[in-house]
Every structure is written in C-alpha cells, then in structure tokens.
Amino acid sequence: NCRFLQGPRTEPAAVAHIQDTLRRGVDCFVRITNYRKDGSSFINLLSLRPVHDSNGVYRFCIGVQFDATVSPRNRMDRLTALLPLLPNHLRVSGPPVGPSHAKQLKQGEPASGGDIESVKAQLEAALDRRGLKGAWTQDQLTGANAEFADNHAEMRRMLARQRASYAESADEYEAELRLSLASRRPAGTSSIGSPCPP
C-alpha cells in the first residue's frame with residue numbers, strides 16, 4: 001500500500017488509473033506525483049505487473065518505481081529492458097487456492113508482458129500522461145487534495161504509533177529477557193557470571 005507516498009499534488013486521475021488496473025489484473029504504467037518522508041515531492045513513473053498462477057488465480061503484483069523527476073528519458077533504456085523480464089505467470093501444482101480472476105483488458109489495451117517496443121511505448125505514454133481519463137474541476141481537485149492531505153497526515157500518525165508500539169514491545173522483551181537471565185544465574189554471581197565480592 002503506497003498511500004503514504006501521496007500528498008496534496010498527487011493526481012486523482014493517476015490514483016484512479018492504478019486502482020482500475022489492479023482491479024482488472026492488467027499491467028499499469030502511470031506517472032504520479034509522490035512525496036518523500038521529508039515532504040518533498042517527486043515524479044514517480046510507476047509500473048505494476050500482476051502475476052497470475054497456472055490456475056488463473058491473481059496471486060500478487062510486482063511494482064517498480066522509477067524517479068522521473070530529472071531527465072527520465074536518458075535513463076529509460078534500463079527500465080524498458082527490465083520490465084519485459086518480470087514474470088506475469090506463476091506455475092503451481094495442485095488445485096486453485098482462491099478465486100480465479102481473468103485479466104480484463106480494455107479494447108486496444110496490450111496484454112501483459114509484450115516486447116521491449118510495446119513496453120517502451122507504454123512508458124512514454126505514461127510519462128506524457130496519455131491514457132488518463134477524466135478531467136477534474138477545480139472543486140474536485142481541491143476536495144481531493146484535502147482528502148489526500150488528510151490521508152497523508154493519518155498515515156504519518158499511524159506510522160508513528162506503529163514505531164512507538166515496536167519500541168514498547170522491544171522494551172518489554174528486553175525486560176523479560178533480563179528477568180529470565182537473572183532467574184537462571186547461579187546464586188552469588190554477577191550478571192556476567194563472575195563471583196560477587198563479599
């Protein structure tokens with residue numbers, strides 16, 4: 001879940017495109033404005049590859065993020081070469097585990113995988129924002145930006161609570177470990193096992 005990367009300038013149409021392609025189980029190439037932990041924004045060229053097993057069950061999705069903030073076309077060849085190598089099919093033995101989920105391609109939409117030229121064309125389209133549907137009014141953008149700002153703030157609070165919970169758990173574990181070690185220590189020895197002074 002990459003919602004914590006979203007912020008005020010994250011494009012709602014790009015988020016909707018990601019959700020649509022994940023739901024349909026097809027490749028996704030999208031340019032989206034994301035945010036770093038320090039709050040600075042960057043242009044993310046996100047590629048998602050759904051992986052189905054041999055029973056047709058949608059198992060997982062492989063995501064590749066590419067920082068497209070500075071001169072992305074100069075470095076695009078490596079990404080273009082990598083994406084066709086990602087698997088889209090997983091061979092399994094045994095009966096299906098989970099519901100079967102066929103890919104739902106729209107008319108004219110290329111199938112997963114494809115050759116390097118097809119992938120390159122899809123990446124170029126994503127960089128140029130071709131294929132994103134739906135113009136948003138200023139009111140819709142303002143509302144969406146407020147929602148994303150609230151979501152970003154909530155995700156940061158959740159991460160802080162998680163961090164505090166982990167720290168508290170680690171402290172409790174350390175205290176239990178000390179008690180356990182102390183109860184195993186022979187009488188008259190210090191914590192490092194040497195005799196105590198009289």
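Guide: In this predicted model, a residue is called buried when its relative accessible area is under 20%, exposed when it is over 50%, and partly exposed in between.

Visitor: Why is Ser-118 called partly exposed?

Guide: Ser-118 has a relative accessibility of 23%, and since the middle class begins where buried, under 20%, ends and stops where exposed, over 50%, begins, Ser-118 counts as partly exposed. The residue is found in helix H3, which covers residues 116–127, and its C-alpha atom is separated by 9.3 Å from that of Thr-80, 38 residues apart along the chain.

Visitor: What makes Tyr-173 count as exposed?

Guide: The relative accessibility of Tyr-173 is 55%, and exposed means over 50%, so Tyr-173 belongs to the exposed class. Tyr-173 is found in helix H4, residues 138–184, and together with Leu-177 and Leu-181 it forms a nonpolar patch on the surface, with about 320 Å² of accessible area for the three together.

Visitor: How do you know that Val-30 is to be counted as buried or exposed?

Guide: Val-30 is at 1% relative accessibility, whereas the limit for buried is under 20%, and therefore Val-30 counts as buried.

Visitor: Why is the pairing of Asp-53 with Arg-59 called a salt bridge?

Guide: The closest N and O atoms of Asp-53 and Arg-59 are 2.7 Å apart, and a salt bridge asks for a side-chain nitrogen of Lys or Arg within 4 Å of a carboxyl oxygen of Asp or Glu, so the pair qualifies.

Visitor: What else surrounds Asp-53, and what does it touch?

Guide: Asp-53 is placed in strand S2, residues 41–53, and, not counting residues up to four places away in sequence, it touches Arg-59, His-89, Leu-90 and Val-92. A polar atom of the side chain of Asp-53 also lies 2.8 Å from the backbone nitrogen of Asn-55.

Visitor: Why is Asp-20 called buried?

Guide: Asp-20 has a relative accessible area of 16%, and buried means under 20%, so Asp-20 is placed in the buried class. Asp-20 forms a salt bridge with Arg-23, the closest N and O atoms being 2.6 Å apart, and both residues lie in helix H1, residues 12–24, three residues apart, or about one turn of the helix.

Visitor: How many salt bridges does the structure hold, and what share of the protein chain do buried residues make up?

Guide: The structure holds six salt bridges, and buried residues make up 30% of the 198 residues in the protein chain.

Definitions and conventions
Residues are numbered from 1 along each chain as its sequence is written. This is a predicted model: local features need pLDDT of at least 70, side-chain atom pairs count only at pLDDT 80 or more; totals for chains, interfaces and linings use all residues. Side-chain values use heavy atoms; hydrogens and water are left out. Patches are made of residues with over 30% relative accessible area and no salt bridge: like charges are joined within 9 Å, nonpolar side chains (Val, Leu, Ile, Met, Phe, Trp, Tyr) within 5 Å. Accessible areas come from the Shrake-Rupley method with a 1.4 Å probe; for residues, only the protein chains shown count as cover. Helices (H or I, at least four residues) and strands (E, at least two) are DSSP runs, numbered from the N terminus. Buried means under 20% relative accessible area, exposed over 50%, partly exposed in between (1.4 Å probe, protein chains only). A polar contact is a pair of N or O atoms within 3.5 Å; within protein, one must be able to donate a hydrogen and the other to accept it, and residues adjacent in sequence count only if both atoms are side-chain atoms. Contact means heavy atoms within 4.5 Å.
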